[in-house]
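Here are my notes for you to read next to the model. Take them one at a time and keep the viewer open.

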Amino acid sequence: MGSQTRSSLSLGTPQSQPSHSGYPRISILESNLVLRYGCWLPWKIMDDWPGYDLSLFTYPQHYYGDLEYVLIPHGIIVDRIERLAKDIMKDIGYCDIMVLCVLKGGYKFCADLVEHLKNISRNSDRFVSMKVDFIRLKSYRNDQSMDEMQIIGGEDLSTLAGKNVLIVEDVVGTGRTMKALLSSIEKYKPNMIKVASLLVKRTPRSDGFRPDYAGFEIPNLFVVGYALDYNEYFRDLNHICVINEHGKEKYRV
Ligand code: IMP
Ligand code: MG
């Protein structure tokens, strides 16, 4: 792999440490933004964060009674993505970028991220050329492992050879999906691969994988909204919310 390939376990640079001035009461402790794995943790939402009461926001009526609370309101998501775009441009905005959106959950994040990247690029001295492609993943579960992964859709991945690839994913849980995807893509010898994930989940099942750019670190909860689904439901919800037991039961397959 070229000298520009991603360093594993990195989460952006110290400069990407988010400023949380102006955002009320989100339980993020400065002390948690510690240097770990050689870089800063993403914006961390603590386990005891109670969330926002659903009555504070509007959301589709067909989900009334199915949600526990709002974990991250839509406005904060979009504001945070703007900052991620700035960090990404600062790090890799000197080269042309191939954005690889992991469907379906990554489509909202990818759309908003690309919009912000375009805005920054348009207003800077050097216009960065961006191409966007979309893939879906199908994993082979041999003995519950996800070592093999089938990539569906997208252009012929051999076109990634020599390119600077930015993978855009919705959430990293155990990290196994992303690790499998990375090893599939590395075969095509891109010049650089970076991973941006909107969410990183704190789970004891984590294999330690960390994206290069992460929007929020969240507790080990199942979340929906902003294109994240539960059995294909809730993608049409703007805020990232925690689903309740009634919702899980109602949309169980
Ligand atoms: P991992 O392999 O455990 O990292 O799982 C990552 C994939 O599982 C993501 O790309 C999501 O599609 C899905 N996923 C994990 N957690 C959630 C969640 O809380 N809500 C919706 N999808 C999730
Ligand atoms: Mg995903």
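1. Overall, the chain averages a pLDDT of 83, and 79% of the residues score at least 70.

2. Some housekeeping. This is a predicted model, in which local features need pLDDT of at least 70 and side-chain atom pairs count only at pLDDT 80 or more, while totals for chains, interfaces and linings use all residues. Residues are numbered from 1 along each chain as its sequence is written, chains are lettered from A and ligands numbered from 1 in the order in which they are written, and side-chain values use heavy atoms, with hydrogens and water left out.

3. Now the overall build. The chain has 4 helices and 12 strands; these are DSSP runs numbered from the N terminus, helices being H or I with at least four residues and strands E with at least two. Among contacts with a separation of 6 or more, 67% join residues 24 or more positions apart.

4. Have a look at ligand 1. It is surrounded by 15 residues, and Gly-173, Thr-174, Thr-177, Lys-201 and Val-223 are the closest; a residue is near if one of its heavy atoms lies within 4 Å. Strand β8 (164-172) and helix α3 (176-186) each give the shell at least two residues, with β8 supplying the largest share, 4 residues.

5. Which atoms does ligand 1 meet at Thr-174? A polar side-chain atom of Thr-174 sits 2.6 Å from an oxygen atom of the ligand. A polar backbone atom of Gly-173 is 2.8 Å from an oxygen atom of ligand 1.

6. Next, the metal. Glu-169 (OE) and Asp-170 (OD) coordinate the magnesium ion (ligand 2) at 2.3 to 2.6 Å. Donors are N, O and S atoms within 2.8 Å of the metal (3.2 Å for Na, K and Ca), and water is not among the atoms, so sites may look incomplete. Both Glu-169 and Asp-170 are buried.

7. Lastly, find Asn-119 in helix α2 (residues 107-122). Asn-119 counts as partly exposed because its relative accessibility is 26%.

Key
Buried < 20%, exposed > 50% of the residue type's maximum accessible area, 1.4 Å probe, protein only. pLDDT = per-residue confidence, 0-100. Polar contact = N/O pair within 3.5 Å; in protein donor to acceptor, adjacent residues only side chain to side chain. Contact = heavy atoms within 4.5 Å.
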